[in-house]
Amino acid sequence: MTNKFGSLTVVILGLAVMLGCRQLTQTQTDEPKNGPETSSTFTLAGKEWTTQNLKDTDLTVSLPGNASDKSPQMPPSYKEIFSAMHIYSFDDKDFASSYTELVPTGKRSWQIKDLAETSLAALKRQIPTLTYTIDIKSESNAKYNGSFTRNGKAFDLRGCCIYKKSAPARVWAVLTLYPKDNADAQTAGQKIIDSVVLKDSTESCK
C-alpha cells in the first residue's frame, strides 16, 4: 500500500506541475506570434494588480492579471490520498506561474523534502535543463530556487512548497518561472511570492 500511495503522489504532483506551468513545459519559439512589432516577452506596462482568493482553495495571491483554473478531474483512485486538487495559473508570454492546493485524506503523511522534491523532479522531466535547490526552512516549509534554458533563453524558477499537517490539512505549491534578464518579470515573480497568504497557516512563501 505504501508503494501505491507513493506512486500516486508522484503522478498527482507531477500532473499539478505540468498543468500549472504548461506554457513553459511545452515547446516554444522566441518569435512573436502577432508580427515582428509585437513583444514576445513579459512586461508590467498596463498591468493592474489585484488580490485574488482562488476559488475552492485556502490560497490568496496578488497577480497582475486573472488566474486561470486548470484543475483537472481526479480519477477515483487518486482520492485515496487526496480528496481534492485545485490548480490555478497566471501566464503571460514568457512568464509562467502556478498555484496548487492538495487536500490530503490523512491516510498517509509525508516529509516536506519529499513533497518538494517530487514537484521539481516532475518539472525537470518536462524541462531537462532545469537545475534546482530546495531550502528546507522547517518540517512544513521548503523554498524552491532553480534555473533552466528554453530555446536559448535563460530562466529563473522561484517558489515554495508548504505542508500544513494540522486539520484541515493542506499541501500548497507555488511556482514562478520567468526570463533571467527581464526586470519586470523578476519584480512580478517576487511580488507574487511575497503576496501569497495561506489560510490558517503561519508559514510564508517569502
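**Close-up views of a predicted model**

View 1. Asn53 has Thr60, a residue of strand 2, as its bridge partner, in a model that is predicted rather than determined by experiment. The pairing between strand 1 and strand 2 (residues 59-63) is antiparallel and extends over four bridges. In the hairpin of these strands five residues lie between strand 1 and strand 2, and Asp56 takes a positive phi near 65°. The open sheet to which they belong has three strands in the order 1-2-10, with antiparallel pairing. Strand 1 (50-53) and strand 10 (197-198) are its edge strands, each pairing on one side only.

View 2. Helix 4, made up of residues 183-195, lies across strand 2 and strand 10, and runs at about 155° to strand 2. A further close-up concerns a charged side chain and an aromatic ring: Lys191 lies over the face of Trp49, at 4.3 Å from the ring centre.

View 3. Strand 5 is largely enclosed by the rest of the structure, because ten of its ten residues are buried. In a regular strand the side chains alternate between the two faces of the sheet. Phe95, Ser97, Tyr99, Glu101 and Val103 point one way from strand 5, whereas Ala96, Ser98, Thr100, Leu102 and Pro104 point the other way, and all of them are buried. Strand 4 is joined to strand 5 by ten bridges, and the two run antiparallel; within this pairing, Ala84 has Val103 of strand 5 as its bridge partner. The hairpin of strand 4 and strand 5 has two residues between the strands, and in this hairpin Lys93 takes a positive phi near 55°. Strand 5 also runs antiparallel to strand 9, to which seven bridges join it, and here Tyr99 stands opposite Val174 in strand 9.

View 4. The largest nonpolar core holds 26 residues, of which Phe82, Leu123, Tyr144, Leu157, Leu175 and Leu177 touch the most other members. At least two residues of this core are supplied by each of strand 4 (82-92), strand 5 (95-104), helix 3 (112-126), strand 7 (141-150), strand 8 (153-164) and strand 9 (170-179). Helix 3 provides the largest share, with five residues. Another core, of 21 residues, lies apart from this one, and Leu54, Trp172, Val174 and Ile193 are among its members.

**View 5. Aromatic side chains.** Six aromatic pairs are found in a search of the whole structure. Phe82 and Trp110 form a stacked pair, with 5.2 Å from centre to centre and 15° between the planes. This pair links distant parts of the chain, since Phe82 belongs to strand 4 and Trp110 to the loop between strand 5 and helix 3, 28 residues apart. Phe82 has a relative accessible area of 0% and is therefore buried, and Trp110, at 6%, is buried as well. Elsewhere, Phe42, Phe90, Phe95 and Tyr178 form one aromatic cluster.

**View 6. The hairpin of strand 6 and strand 7.** Strand 6, which covers residues 131-138, pairs with strand 7 in the antiparallel sense over seven bridges. A hairpin through two residues joins strand 6 to strand 7, and Thr133 stands opposite Asn145 in strand 7.

View 7. When neighbours within four places in sequence are left aside, Ala154 is in contact with Phe148, Thr149, Tyr178, Pro179 and Lys180. Ala154 and Asp181 lie 27 residues apart in sequence, while their C-alpha atoms are 7.6 Å apart in space.

Note on methods: Residues are numbered from 1 along each chain as its sequence is written. This is a predicted model: local features need pLDDT of at least 70, side-chain atom pairs count only at pLDDT 80 or more; totals for chains, interfaces and linings use all residues. Side-chain values use heavy atoms; hydrogens and water are left out. A nonpolar core is a set of buried Ala, Val, Leu, Ile, Met, Phe, Trp, Tyr and Cys residues joined through side-chain atoms within 4.5 Å. Buried means under 20% relative accessible area, exposed over 50%, partly exposed in between (1.4 Å probe, protein chains only). Two strands pair if DSSP finds at least two bridges between them. Contact means heavy atoms within 4.5 Å. Axes are lines fitted to C-alpha atoms, for helices over the stretch in contact, and angles run from 0 to 180 degrees between N-to-C directions. Rings of Phe, Tyr and Trp (its six-membered ring) pair if their centres lie within 6.5 Å; planes under 30 degrees apart count as stacked, over 60 as edge-to-face and the rest as tilted. A charge sits over a ring if NZ of Lys or CZ of Arg is within 6 Å of the ring centre and within 35 degrees of the ring normal.
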